[in-house]
Amino acid sequence: MEWETVIGLEIHAQLNTVSKIFSGASTAYGAEPNTQACLVDLGYPGQLPVLNGEAVAKAVKFGLATGSKVARRSVFARKNYFYPDLPKGYQISQFELPIVQEGKIEVVLEDGSTMLVGLTRAHLEEDAGKSLHEDFKGKTGVDLNRAGTPLLEIVSEPDMRNAKQAVAYMKTIHTLVRYLDISDGNMQEGSFRCDANVSVRRKGSETFGTRSEIKNLNSFRFVERAINFEVERQIDILESGGKVVQETRLYDSVKDETRSMRSKEEANDYRYFPDPDLLPVVLEEGYIEDIAATLPELPAQKRARFIGDFGLSAYDAGVLTASRELGDYYEHVVERLGGEAKLASNWVTGELAGALNRAGLDISQSAVGPQALADMLGRVVDNTISGKIAKDVFEAMWSGEGTADEIIDARGLKQITDTSAIESVIDQVMAASPGQLADYRSGKDKLFGYFVGQVMKATQGKANPAQVNELLRQKLAG
Amino acid sequence: MSLTKQEVESVARLARLEITEGEIGRVVEKLSSIIDFVDQLQTANTDDVMPMAHPLDMGQRLRTDEIFEADQRNRYQVNAPEVEAGLYLVPKVIE
């Protein structure tokens, strides 16, 4: 039996406002428990919510960037359920009239192909607090610092057909919210997380199978694994003649499996109604136009420009536009270098990315800035050093030994481009390897590499490789 | 009677209201009469009427994104039945 997987994601992005969506308490992460929970966040009687304009502006930005409909009138509603981390007994959310409706986004897949994923809606809501289940005298501890942090819940159409597509979509949204500077996207701190709706159906079937919802996935890897586990589980049930139950499940990353969250089943009747404490949000055309004017170049636009202007591959352009900062860094290098876009791309995605990775830094913290890197690459372009030596120079720059020119001087790394000097080294090498020379001349072509190696060794890697190749070929031919 | 006993019991459970067996009959009757009263609205033609989200015909005022609430945890926690390490303690809830 052939099965088709159907996946939709609900992504929760915390908006990076300084204060909460309905109160003046701070949203900073990591504070002492309950020191950023004011009376509104605590759900005290008589406290009224006052909407944070910045949260609205950020939601509008997202809507405009995804070509969605930005609702001129949207309404906040109460989602009613009881849980200790939600002291009011309801979450203020949006239900029938969300602020962002019906958009789509282009997603680049691993193989470089693209797909369009529909966005059903994106709505504003408040985050809940945190329950800590460690043992406090057999009780649960509640920290309400997070309560009231603004969230944008981004709901996709069920357009994805496998876990890899779902991850690619989630990464696309992650990149976009950071470009727009509407969320810091920090997944460790829970600023960016998602619920996955997963179902399977017979290939060719028009109707959807029964879905389960996997809650609170906070890494790309977990999204992929949880979906793959869930798909297998559902197929096993269906193939053995059973029925999938519609339910909420939790992913256990340690056991790499999903399990049922029975406790929340009964609560799935939220009795939404418009919140009488908040008026409808009415947006004027001028307001939306002003926000449209502040939109930065979007990842897809930057990617297309890098391919068009710099002749980069779709893959390299994708890597270089993964964040706004990385794209800016790369452009600075190319600008200072006056071209050599491909060389710059190789270095930024290669040596530089590797060094950042090893040091656990991101591009804004790089020990080698774009100008310094460009100046070093300039020495490769003008043949002062070879690409191989350049790696040593880069490492020295990374550990703070100075500029490229200083390091090249101090270490005597200047490339040997003098033909007669290289020829004399070749003569010595040939004289020292009579056996290999005879073998080469009798047809063992592979030994060419041996001679290149010997010449490089004798010059401590400083001989110009192109010249070495050419001169060796002539000399070895005899 | 527009509501059944089961519907009333289910709504009561969602709202965490305890209704005893002795009370339930009267509650079903009263709630039903309220629902029936409101049901009269169904007879009105609303084809060209925008659904009303709020009785005031105004838009929501937006606040500037500023922090103006200072930490007053100690004052607030005086009202809590139990606290520890800055946390509010509640009966154990397990997923």
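In this predicted model, Glu401(A) is partly exposed, with a relative accessibility of 43%. Its salt-bridge partner is Arg411(A), and the closest N and O atoms of the pair are 2.8 Å apart. Glu401(A) sits in the loop between helix 11 (387–398) and helix 12 of chain A, while Arg411(A) belongs to helix 12 (residues 404–411), so the contact ties together parts that are 10 residues apart in sequence. Arg411(A) also counts as partly exposed, at 42% relative accessibility.

A second pair in chain A is buried. Glu230(A) forms a salt bridge with Arg249(A), with 3.4 Å between the closest N and O atoms. The pair joins helix 4 (residues 220–239), which holds Glu230(A), to strand 13 (residues 247–252), which holds Arg249(A); these parts are 19 residues apart in sequence. Glu230(A) has a relative accessible area of 0% and is therefore buried, the cut-off being under 20%. Arg249(A), at 7%, is buried as well.

Lys137(A) lies in the loop between strand 8 (130–136) and strand 9 (139–143) of chain A, and Glu84(B) in strand 1 (residues 83–84) of chain B. Lys137(A) is exposed at 54% relative accessibility, whereas Glu84(B) is partly exposed at 26%.

| Salt bridge | Closest N and O atoms |
|---|---|
| Arg411(A) and Glu401(A) | 2.8 Å |
| Glu230(A) and Arg249(A) | 3.4 Å |

Elsewhere in chain A, a network of salt bridges links Glu297(A), Lys302(A), Arg305(A), Asp328(A) and Glu331(A). Over all chains, the structure holds 34 salt bridges.

Definitions and conventions:
Residues are numbered from 1 along each chain as its sequence is written. Chains are lettered from A and ligands numbered from 1 in the order in which they are written. This is a predicted model: local features need pLDDT of at least 70, side-chain atom pairs count only at pLDDT 80 or more; totals for chains, interfaces and linings use all residues. Side-chain values use heavy atoms; hydrogens and water are left out. A salt bridge is a side-chain nitrogen of Lys or Arg within 4 Å of a carboxyl oxygen of Asp or Glu. Helices (H or I, at least four residues) and strands (E, at least two) are DSSP runs, numbered from the N terminus. Buried means under 20% relative accessible area, exposed over 50%, partly exposed in between (1.4 Å probe, protein chains only).
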